[in-house]
Amino acid sequence: MNGDTKGGGEDLGLQSFAARLRRMTAEFNRIAHEFANEHGLHTTDVQALIIIYDSPTPITPSRLRDELNLTSGAVTACLDRLERAGHIRRARDAHDRRVIHLHYLAAAQEFAAAFFRPLGRSTGNALARFNPDELRTVAAFLDAMNEELTLLRSAPRSR
């Protein structure tokens with residue numbers, strides 16, 4: 001199916017989609033890197049904040065380590081920076097004091113808004129170009145991609 005086209009002769013094959021996804025990922029990474037630099041943080045710190053913020057329940061440092069694919073020492077250094085900057089706090093679990101949960105602080109909301117506001121405007125501008133049926137298709141594609149990437153990440157690697 002590589003190189004297949006639909007309507008308007010536009011390339012909708014695998015390589016074309018891969019290039020589009022790489023370009024979007026590179027732009028997100030560039031924006032995150034610039035934002036981190038402007039605020040004296042590492043790009044990893046911004047990635048960690050996003051993971052902590054998006055987690056439906058308080059996340060543990062070990063789960064964050066897995067999500068970021070970092071060493072324990074690197075995650076500890078990242079959390080130390082975020083805690084010093086007032087973005088997160090670490091709290092021991094009430095039932096198992098060995099477990100630590102990471103909490104996104106309310107004071108960090110404006111920091112997050114400064115990062116997400118321009119991305120939100122850009123996303124809104126892009127969304128406005130599509131009708132609801134098209135958006136359902138885009139959402140289904142993105143959900144499927146995230147499922148596939150999760151499977152890929154958990155699959156054993158051949159070297």
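Is Asn69 buried or exposed? Asn69 is exposed, at a relative accessible area of 69% (exposed means over 50%, buried under 20% and partly exposed in between, with a 1.4 Å probe and protein chains only).

## Before you read on

This is a predicted model, in which local features need pLDDT of at least 70 and side-chain atom pairs count only at pLDDT 80 or more, while totals for chains, interfaces and linings use all residues. Residues are numbered from 1 along each chain as its sequence is written, and side-chain values use heavy atoms, with hydrogens and water left out.

## Asn69 and its loop

Back to Asn69, which sits in the loop between H3 and H4 (helices are DSSP runs of H or I with at least four residues, strands are runs of E with at least two, and both are numbered from the N terminus). Asn69 has a positive phi of about 60 degrees, although it is not a glycine. For background, most residues other than glycine have a negative phi.

## The nonpolar core

The largest nonpolar core has 24 residues. By definition, such a core is a set of buried Ala, Val, Leu, Ile, Met, Phe, Trp, Tyr and Cys residues joined through side-chain atoms within 4.5 Å. The residues with the most contacts inside this core are Ile52, Leu64, Leu79, Ile88 and Leu102. At least two core residues come from each of helix H1 (14-38), helix H2 (43-54), helix H3 (61-68), helix H4 (72-84), strand E4 (100-104) and helix H5 (109-127). H2 gives the most, with 5 residues. As a general point, nonpolar side chains in soluble globular proteins tend to be buried together.

Take Ile52 as a way in. Leaving aside its neighbours within four places in sequence, Ile52 is in contact (heavy atoms within 4.5 Å) with Ile59, Leu64, Leu79, Ile88, Leu102, His103 and Tyr104.

## H2 against H3

Two packed helices are described by the angle between their axes and the distance between the axes. For H2 and H3, the axes come within 11 Å and cross at roughly 120 degrees. Here the axes are lines fitted to C-alpha atoms, for helices over the stretch in contact, and angles run from 0 to 180 degrees between N-to-C directions. H2 and H3 are therefore oblique to each other (under 35 degrees counts as roughly parallel, over 145 as roughly antiparallel, 65 to 115 as roughly perpendicular and the rest as oblique).

On the H2 side you'll find Thr44, Gln47, Ala48, Ile51 and Ile52, which meet Leu64, Glu67 and Leu68 in H3. Sorted by class, the contact of H2 with H3 has 5 nonpolar, 2 polar and 1 charged residues (Ala, Val, Leu, Ile, Met, Phe, Trp, Tyr, Cys and Pro count as nonpolar, Asp, Glu, Lys and Arg as charged, and the others, Gly among them, as polar).

## H2 against H5

H2 also packs with H5: their axes come within 12 Å and cross at roughly 110 degrees. That makes H2 roughly perpendicular to H5. Val46, Leu49, Ile50 and Tyr53 of H2 make this contact with Gln109, Phe111, Phe115 and Phe116 of H5. The tally for the contact of H2 with H5 is 7 nonpolar, 1 polar and no charged.

Asp45 is another residue of H2, and at 0% relative accessibility Asp45 counts as buried. Not counting residues up to four places away in sequence, Asp45 touches Cys78, Arg81 and Leu82.

Thr43 and His33 are 10 residues apart along the chain, with their C-alpha atoms separated by 5.2 Å.

## H3 against H4

H3 and H4 pack at an angle of about 110 degrees, with their axes 10 Å apart, and are therefore roughly perpendicular to each other. Pro61, Leu64 and Arg65 of H3 and Ser72, Val75 and Leu79 of H4 make the contact. The residues of the contact of H3 with H4 divide into 4 nonpolar, 1 polar and 1 charged.

Val75, in helix H4, is buried, with a relative accessible area of 3%. Val75 touches Pro61, Leu64, Arg65 and Leu70, not counting residues up to four places away in sequence. Val75 and Arg65 are 10 residues apart in sequence and 6.0 Å apart in space, C-alpha to C-alpha.
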